[in-house]
Amino acid sequence: MDLTRLIYVSQPFGFDDAILSGILLDARKNNKRDSITGALVCRQDIYLQLLEGPETEVLAAFERISRDDRHLEIRKLVSRPVHDRIFGDWAMLHDPAKSWIWTQSELSEGALDNATPEEIEKVFENLAERVKNVSSV
Ligand SMILES: Cc1cc2nc3c(=O)[nH]c(=O)nc-3n(C[C@H](O)[C@H](O)[C@H](O)COP(=O)(O)O)c2cc1C
């Protein structure tokens, strides 16, 4: 089946555990319905999310997400057809960004603007590799 993979970055607005839980609840409920899988890397200063699934559903989810006031400065980084999912088992994996992603100062110095789409996808491939043996949600 042909799939679309979309990755965007945004700036959390009002980031705390309760907000994050609410986002993940919405995401997992809808994504199960829409055959979307993916991962949300989140930290005080960044959301970096990968969505993959049927094109229509992924674009519709991104439309809703773009209008969500729980984040700002939403910027699409990657959008392309793919044959395989990276996060096949995960309606939305949540990962608190640790040292393996860019630091806050690297980000403010434009690390993401200088990264190629391949490098950005690699962040998620590494994440999937790290969680391979963890039970999925
Ligand atoms: C950082 C972030 C990530 C989100 N991820 C998803 C997602 O993967 N799928 C989804 O359907 N909604 C996601 N949402 C929620 C949507 O913006 C929106 O609130 C939701 O899709 C509306 O669902 P409803 O129509 O069932 O109320 C996300 C929101 C934020 C702020």
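Tutor: Helices and strands are here DSSP runs, a helix being H or I over at least four residues and a strand being E over at least two, numbered from the N terminus. On that basis the protein, which is a predicted model, contains five helices and five strands. Read from the N terminus, their order is β-α-β-β-α-β-β-α-α-α.

The shell around the ligand comprises 16 residues, and those that come nearest are Ala27, Asn30, Arg64, Asp68 and Arg70. Three elements each contribute at least two residues to this shell: α1 (17-34), β3 (46-53) and α2 (55-66). Of the elements, α1 gives the most, with five residues. Sorted by class, the shell has eight nonpolar residues, four polar ones and four charged ones.

Helix α1 also holds arginine 33. This residue counts as exposed because its C-beta atom has 10 neighbours inside 10 Å, and the limit for that class is 12 or fewer. Arginine 33 and glutamate 57 are 24 residues apart along the chain, and their C-alpha atoms are separated by 9.6 Å.

The largest nonpolar core has 25 residues, and the most contacts inside it belong to Ala39, Leu40, Val41, Leu51, Trp90 and Met92. At least two residues of this core come from each of β1 (3-12), α1, β2 (37-43), β3, α2 and α5 (117-130).

Leaving aside residues up to four places away in sequence, alanine 39 touches Leu50, Phe87, Trp90, Met92, Leu93, Asp95, Phe124 and Leu127. Two of these partners, Trp90 and Met92, are themselves among the core residues with the most contacts.

Among contacts between residues at least 6 apart in sequence, 80% join residues at least 24 apart. Of the 137 residues, 26% count as buried. The C-alpha trace spans about 40 × 30 × 30 Å along its principal axes. The radius of gyration is 14 Å, which agrees with a compact globule, because a globule of 137 residues would have a value near 14 Å.

Terms used. Residues are numbered from 1 along each chain as its sequence is written. This is a predicted model: local features need pLDDT of at least 70, side-chain atom pairs count only at pLDDT 80 or more; totals for chains, interfaces and linings use all residues. A residue is near a molecule or strand if its C-beta atom, placed from the backbone, lies within 6 Å of it. Ala, Val, Leu, Ile, Met, Phe, Trp, Tyr, Cys and Pro count as nonpolar, Asp, Glu, Lys and Arg as charged, and the others, Gly among them, as polar. A nonpolar core is a set of buried Ala, Val, Leu, Ile, Met, Phe, Trp, Tyr and Cys residues joined through C-beta atoms within 7 Å. A residue is buried if 20 or more other C-beta atoms lie within 10 Å of its own, exposed if 12 or fewer, and partly exposed in between; C-beta atoms are placed from the backbone. Two residues are in contact if their C-beta atoms, placed from the backbone, lie within 7 Å. The radius of gyration is taken over C-alpha atoms; the globule rule is 2.2 Å times the number of residues to the power 0.38.
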